[in-house]
Amino acid sequence: MDRAAKADLVSTLNGVFTSTSVVVVAHYKGLTVADMQKLRSQMKQAGATVKVAKNRLANIALEGTDVASIQPLLKGPTLLAYSSDPVAAAKVAVDFAKANEKLVILGGAMGTTALNPDGVKALASLPSLDELRAKIVGLVQAPATKIAQVVNAPAAKLARVFGAYAKTGDAQTDEAA
């Protein structure tokens, strides 16, 4: 890799580290190419990205960012998983590590908060941003539906009462005739 490509990679990684909300660091020693492709596709489906970069270049890119706390984790064959959704990268990494013991989660960072492996697992157990949005929409819609039912209930009861009186009134006029 020539000097310009390294500088390019460092600036790209620095942009990623400043804009992302969560970074997960893991060892990937022993994973096959097929396993890595599977991991990358799962990350992409969840809206996350996996990057394998030289630790030296990643350390340079981390300087001055919120996630600089992951620098001590960058030893050996490491990969970086990141996403703008605070849960996506952690969730996919933890699920993949459960199925494949060769992926070992070392830790990560969420903003300025450093995460150990247990912290990453705890983060992965939280619902994703899309799931939270769906729950909020459901909670907002439920009271509106209940309000509509409550408002319509008296009118429906009145209509039934008037209908019953009308029928009894019709029955009385038919008897009188």
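**View 1. Helix H3 and what covers its buried residues.** The cover over the buried residues of H3 includes helix H1 (3-19) and S3. Helices (H or I, at least four residues) and strands (E, at least two) are DSSP runs, numbered from the N terminus. The model is predicted: local features need pLDDT of at least 70 and side-chain atom pairs count only at pLDDT 80 or more, while totals for chains, interfaces and linings use all residues. Residues are numbered from 1 along each chain as its sequence is written, and side-chain values use heavy atoms, with hydrogens and water left out. Within H3 (residues 55-62), the residues Asn55, Leu57, Ala58, Ala61 and Leu62 are buried (under 20% relative accessible area, 1.4 Å probe, protein chains only). They lie on the same side of H3, because their arc around the axis is only 160 degrees (taken from the directions from the helix axis to the C-beta atoms).

**View 2. Strand S1 and its two partners.** S1 (residues 22-27) has 5 of its 6 residues buried, so the rest of the structure largely encloses this strand. S1 pairs with S3 (residues 78-83) in the antiparallel sense over 6 bridges; pairing requires at least two DSSP bridges between two strands. Ala26 stands opposite Leu79 of S3. S1 and S4 (residues 104-110) also run antiparallel, joined by 6 bridges. Here Val24 has Gly108 as its bridge partner.

**View 3. Val22 in strand S1****.** Val22 counts as buried because its relative accessibility is 0%. Leaving aside neighbours within four places in sequence, its contacts include Ala81, Tyr82, Pro86 and Leu123 (heavy atoms within 4.5 Å). Thr113 is 91 residues from Val22 in sequence, and their C-alpha atoms are 9.4 Å apart.

Technical notes
Buried < 20%, exposed > 50% of the residue type's maximum accessible area, 1.4 Å probe, protein only.
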